[in-house]
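Thanks for coming. I have one structure to go through this morning, and I will keep it short.

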Amino acid sequence: MKKGLLIVLSGPSGVGKGTVIKELMKNENLNLSYSISMTTRLPRNGEQEGVNYFYVSKEEFQKAIADGELLEYAEFVGNLYGTPKAYVEKLRNEGRNVLLEIEVQGAMQVKEKCPDALSIFIIPPSIDELAKRIRGRASEPEEIVQQRLEKAKKEMELIPQYKYVVCNDDPILASDIISAIINRHMQI
Ligand code: 5GP
């Protein structure tokens, strides 16, 4: 059986990754499995253990690093996030295409370890539009909005490291484009 693809999807906070992924997961032809990460951050309202993340303590996370259980990991605004390696490998060996939704530092580690990974960066139509989306989704103080935008600009400096860049002007269109990319790579 052909080993499944490793697909890395990144993009700044507020760009709409969640909606695009939801669309992608509906497409059964893509044979996609979502990799559930480990994190030290607390669950948000509506999030579930083993669905959105595996929620662990800092000590448990450090142990997973020491035991070599993570494919990659990074700190993101004060919390640790990482991809459990065994689960990803098991799925890929079963022929599933595995989707990692991870930030840029982690994506660079995956690129290093798995040069054949398919990396995709989702960009907003403009910084103004990203600001609008961030302001629209939570009533955060303007200072936090500005911090998120600064972080987004920093993350976007790494765009040239990704194989593909997809603009999320419309989530259905963005997911159609990503589906086409995955489909093509399934044939190569
Ligand atoms: P959130 O706290 O909003 O769920 O996620 C914050 C950031 O961490 C997002 O950019 C998300 O893509 C990233 N992230 C989630 N899981 C992982 C992971 O396993 N590894 C890395 N490097 N980043 C992750």
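Start with K17: a polar atom of its side chain lies 3.4 Å from an oxygen atom of the ligand. R41 also faces an oxygen atom of the ligand, with a side-chain N or O atom 2.6 Å away. On the nitrogen side, a polar side-chain atom of E72 is 2.7 Å from a nitrogen atom of the ligand. How much of the ligand does the protein bury? Taken alone, the ligand exposes 510 Å², and 89% of that is buried by the protein. Bear in mind that this is a predicted model.

Now the surroundings. The ligand takes up the space of the largest pocket. Which elements give two or more residues to the shell around it? They are β5, residues 70-76, and β6, residues 79-84. There are 15 residues around the ligand, and those that come nearest are S37, R41, Y53, Y81 and E101. By type, the shell has six charged residues, five nonpolar and four polar.

R133 sits in helix α5, which covers residues 127-137. Which residues does R133 contact, leaving aside its neighbours within four places in sequence? They are G14, V15, P125, N168 and D169. With N168 there is a polar pair: a polar atom of the R133 side chain lies 2.9 Å from the backbone oxygen of N168. As for S13, it is 120 residues from R133 along the chain, and their C-alpha atoms are separated by 9.5 Å.

That is what I have. Questions are welcome.

Definitions and conventions: Residues numbered from 1 in each chain as written. Predicted model: local features only at pLDDT ≥ 70, side-chain atom pairs only at ≥ 80, totals over all residues. Heavy atoms only, no water. Near = heavy atom within 4 Å. Polar contact = N/O pair within 3.5 Å; in protein donor to acceptor, adjacent residues only side chain to side chain. Areas by Shrake-Rupley, 256 points an atom, 1.4 Å probe, with all protein chains shown as cover. 1 Å grid on protein atoms, 1.4 Å probe; cavity = no way out; pocket = protein on both sides within 12 Å on 5 of 7 lines; lining within 4 Å. Sits in = over half its atoms within 2 Å of the grid points. Helix = DSSP H or I, 4+ residues; strand = E, 2+ residues; numbered from the N terminus. Nonpolar A, V, L, I, M, F, W, Y, C, P; charged D, E, K, R; others polar. Contact = heavy atoms within 4.5 Å.
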